[in-house]
Amino acid sequence: MSKRFDVILCLGCLIKGETMHFEYIAQATSSGIMQVGLDSLVPIVFGVLTVLTKEQAVKRSQGETNEGLSWGKTAVEMGLARMSAL
């Protein structure tokens, strides 16, 4: 709310293990990031991969399927839109 930030980009990767821990962490992560957006009124890009294997994570973070690049572009566009709206 201090207007020090135009957008927040949250990046991470959760890889499922053999326990329910993955589901708990994924839920807490998404809820926490959403709450920050609601509390701060700053646009948030949820850039957290949730995958079953390391290979899936690598595939989604390289080349034409690079989700990080897509999230970065989205953050820039959101920040520019917010700046022009002020």
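Predicted model: local features only at pLDDT ≥ 70, side-chain atom pairs only at ≥ 80, totals over all residues.
Residues are numbered from 1 along each chain as its sequence is written, and side-chain values use heavy atoms, with hydrogens and water left out.

Let's start with α1. Helices here are DSSP runs of H or I, at least four residues, and strands are runs of E, at least two, numbered from the N terminus. Helix α1 covers residues 21–40. Which of its residues are buried, meaning under 20% relative accessible area with a 1.4 Å probe, protein chains only? Those are Phe22, Ala26, Ile33, Gly37 and Ser40. Look down the axis of α1 and these buried residues fall within an arc of 100 degrees, taken from the directions from the axis to the C-beta atoms, so they line one face. They pack against β1 (8–15) and β2 (44–51), with contact meaning heavy atoms within 4.5 Å. Turned away from that side are His21, Tyr24 and Leu38, which are exposed, that is, over 50%.

Now serine 40, which sits in α1. Its relative accessible area is 14%, and its side chain reaches the backbone oxygen of valine 36 at 2.7 Å. After α1 comes leucine 41, with a positive phi near 60 degrees.

Last, the cysteines. There are zero disulfides in the structure, counting a disulfide as two cysteine sulfur atoms within 2.5 Å. Cysteine 13 is partly exposed, at 40%, so between the buried and exposed cut-offs.

Note on methods
Expected span 1.5 Å × (residues − 1). Polar contact = N/O pair within 3.5 Å; in protein donor to acceptor, adjacent residues only side chain to side chain.
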